[in-house]
Amino acid sequence: MRTLGRVVLGLIYLFLIGPFLVIIAAAFHGGDTLTFPPHNLSFRWIIAVIENDDFQSDFLLSVALAVAATFAALALGIPAAYALIRHRPRGAETIRGLLSSPVVVSGLVIGLALLHYVVVPLNLPVMVALFVAHTAILLPYAVRVVSASLANLRVDIEEAAVLLGASRLKMFRSIVLPNIRNGVLAAAILSFITSFNEVPASLFLTGPGVHTLPVEMMLSMELVYDPSIAALSTLLTVATLVIVFAAERLLGLSRYV
Amino acid sequence: MERDGGSLTTRAMSASGRAVAILVTPATAYVTLAFLLPVAVLIAGTFQPNGALSVSGYARFFSEPLYLEALWRTIRIGVVVTAICIALGYAMALAIVGAKASARGQLIGLTILPLMISPVARTYAWVVVLGHSGLLNGLLVALGLTDQPFRILFTEGAVYVGLVQLFLPLMVLPLVSALENLPADVISAARSLGAGWGTVFWRVLLPLTREGLVIGGTIVFNGTVTAYITPAVLGGTRHLTLATLLYQQVAVTDDLLSAGVAATILIAMSVAASMVLRRVAATRSRLS
Amino acid sequence: MSDADYLSLQRLTLAHGAATVVDALDLTVQRGEIVALLGPSGCGKTTTMRAIAGLLNPRSGTIHLGGRDITHIAPNKRDIGLVFQSYALFPHLTVAENLAFGLRLRHLSAAEIAKRVEAMLETVDLAGMGDRLPRQLSGGQQQRVALARAIVVEPRLLLLDEPLSNLDASLRMEMRGELRRLQQTLGITMIYVTHDQSEALALADRVAVMRAGKIEQLADPETVFDYPSTPFIARFMGFDAVFPIVDDKLESATGGQMPYGDAGQLPVNTKALAWRPRNIVIGSGPYRAHVILASYLGDTVEYLLDTPLGEIKAATDAAAPRHPIGKAVAFDLPLAKAARLDTAH
């Protein structure tokens, strides 16, 4: 029974992870066309992709967008999460539901709704439109992860700080924030990755010349026959793995997911 | 009452409902303005195609064979993928739970990992594997099983494969959690009473892990029917789902009404899914 | 408001929704005094303490400290210290930083702060531990840090919420002595909340016994211990045999009655009498009982007597003559050793 279990597990993991390995291997193909199995192994396409101007600007765009949206989601989400947990106002559950609502529907719907009823009527520039969409998409994650961290925070140390003379703002800065630091970082990393990988909403809201990296990759997939997409995928996968491993090591990321 | 000093305290420490409002309003206002209102207007718009209240938009949608086909395909894909994920999910979850405690953490980590990696990369990997000159065909030809490469890519089958790979981890995690909460030795007890593995699965495991099954199944179904990247890349324009149809109507055909209808159907499915999840969570907290 | 009435609670009412937790409480505390709020869980003692600290808003009533009305002043401006039952040490700060927290908010110079922190660590016997984090300390050490942190800012009033309840018995004894010593050295006015009768009696100058949101008796420890004013307090203090007096008879809760010989000597406002097991005489006396149980407890022997008033617990010295089970004995409820209670229930 044990061995059967191991075999089954092995096959399934092969199914789950195998394709990544294929892609990573294909990225090192030295020839001009996407081939598997690869031969003439070289870094040629990895380098080509890194030096490609379009990909570079797409990458920077995605990063800037992810950073900005993460920051906004946290700026909105942390105070809300704190108020909901610490002050437990009437209707807290409704508010919590409201703040998680964007996660219920697909980014596709968010992109369409925003495009048609906000971006076009208000004539918003593409970057702003993307920022607005991504912030809305990330907010539920920010609230949820920070709430998990706040739930473990004790009221009594906040009371102690206040009684020693701290104003509520000072207390929040000196006592609450340092103690939820890891939760906030975990939320930041999760949000960043979510924003960076986001496609459906971004697809609707991008404009000529302004593409996020995953959107660019998707649009190029059918037009490009060389290993460059594979190379990009490889770089992204490796970067994601590094970030997630580091986060797990330093923060225990999995505790907040 | 005394030990509940927490809630009594917060009443004083929060003194003003004003403080709460300042903390919460920015977030709620943002979600309302950037999400709820636009989506609500979108849905409302589908019922007012020419200003007056009517369901003609829906009538047109459901009478168009292409759209109907997309709808059925979407549901079909949802059901099939969910079923496959349930089967594989149980197999995986059982194997994980049966593993040594030290290995278990790593296995779960290994399961979560793909979720973080860009879905574009994940889907493209299948393009390479399933393509005309891809890995699978290459293998089949090399092994002499066929002379001509199969057309696997741009079929509904390819979409199944891609989506299962995408969502299987989301099925496994709730199942692992449910299995871990099984009373100990329940399976051994059933076996000692003479139950075969089939009976054990249907009459013991399934009922006891029903909650995890519902959670995982709902998440997978919802994700599958709303997925865009995988059906777009692996299914192509010949096998449209609601999501890819929606995009096409906006980007290519400029049929915003039908796009809105498709979107509303997707929203309805998602909301139904989240209500199911809410109910499960509610019964769980009531019982605990 | 004289300076002697340092803290004054007037008709303080605290409520949670429809439920009244503290009911029109009056209390005055003198400067430099320790007053214990003693009572079982749910009596309102912690709630009262939190209201004094400003962590709760009263429904009605006022709080005055040092002549000033602080009823609606924010908790961080009251200059009142609180030692939490859970210690509430800041987990991300060292011991020294915990102590310095309140001092920094008072805008003292860094040198002055360092000096005071050093001195306080010495006082609570934690010299050299300034760099440790709370999680590296034992329970007793954490308790002392909590105390030090509250005292180092020299508050006008110190509140302590069952500060010793999480410590084991021997440590508790030791800390009790420490607290007493500190209080006398520094002369801090303290309000000490506890459900432990012996702790309240050992530490306090006056004890306020609370029940259901009211103070039933406020007196010095000796008075409360030997002369409780109500059956509730009597039982709390270990008076097992509590009997209302009706028509010169003692009555038990089960409906039993027994004529009491000395009833005529009682003033009119004595509604009940109570005895400790040790003060019930076995072997001689005007009343009759049967011995049901006899338990040897080392120092004493505890008896369970079957009397017209139901089962009564009595105790004698181990050295005294034993009374075997089943035997009929004479017993007495001497008036001289009785607590005279103002209410029947």
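## Chain A

Along the sequence, chain A reads α-α-α-α-α-α-α-α-α-α-α-α. That gives 12 helices and zero strands. The model described here is predicted.

The C-alpha trace of chain A spans about 70 × 60 × 35 Å along its principal axes. Chain A has 257 residues, and 55% of them are buried.

## Aromatic pairs

Over all chains, a search of the whole structure turns up 17 aromatic pairs. One of them joins Tyr90(B) and Phe201(B).

Tyr90(B) has a relative accessible area of 2%, so Tyr90(B) counts as buried. Phe201(B) has 24%, so Phe201(B) is partly exposed. The cut-off for buried is under 20%.

## A tilted pair in chain C

Chain C supplies another pair, Tyr287(C) and Phe331(C). The ring centres lie 5.8 Å apart. The planes stand at 45°, so this pair is tilted. A tilted pair falls between the stacked limit of 30 degrees and the edge-to-face limit of 60.

Here the partners come from strands. Tyr287(C) belongs to strand β15, residues 281-296. Phe331(C) belongs to strand β18, residues 328-332. The pair therefore ties together parts that are 44 residues apart in sequence. Both Tyr287(C) and Phe331(C) are buried. They also belong to one aromatic cluster, together with Tyr260(C) and Trp275(C).

## Surface patches

Chain B carries a nonpolar patch on the surface. Its members are Leu136(B), Leu139(B), Leu143(B) and Leu145(B). Together they have about 400 Å² of accessible area. Leu136(B) lies in helix α7, residues 135-142. The relative accessible area of Leu136(B) is 32%, so this leucine is partly exposed. Patch members need over 30%.

Chain C carries a patch of negative charge on the surface. Glu118(C), Glu122(C), Asp125(C) and Glu174(C) gather there. Of these residues, Glu174(C) lies in helix α5, residues 169-186 of chain C.

Terms used. Residues are numbered from 1 along each chain as its sequence is written. Chains are lettered from A and ligands numbered from 1 in the order in which they are written. This is a predicted model: local features need pLDDT of at least 70, side-chain atom pairs count only at pLDDT 80 or more; totals for chains, interfaces and linings use all residues. Side-chain values use heavy atoms; hydrogens and water are left out. Patches are made of residues with over 30% relative accessible area and no salt bridge: like charges are joined within 9 Å, nonpolar side chains (Val, Leu, Ile, Met, Phe, Trp, Tyr) within 5 Å. Accessible areas come from the Shrake-Rupley method with a 1.4 Å probe; for residues, only the protein chains shown count as cover. A salt bridge is a side-chain nitrogen of Lys or Arg within 4 Å of a carboxyl oxygen of Asp or Glu. Lys and Arg count as positive and Asp and Glu as negative; His and the chain ends are not counted. The place of a charge is taken as NZ of Lys, CZ of Arg, CG of Asp or CD of Glu. Helices (H or I, at least four residues) and strands (E, at least two) are DSSP runs, numbered from the N terminus. Rings of Phe, Tyr and Trp (its six-membered ring) pair if their centres lie within 6.5 Å; planes under 30 degrees apart count as stacked, over 60 as edge-to-face and the rest as tilted. Buried means under 20% relative accessible area, exposed over 50%, partly exposed in between (1.4 Å probe, protein chains only).
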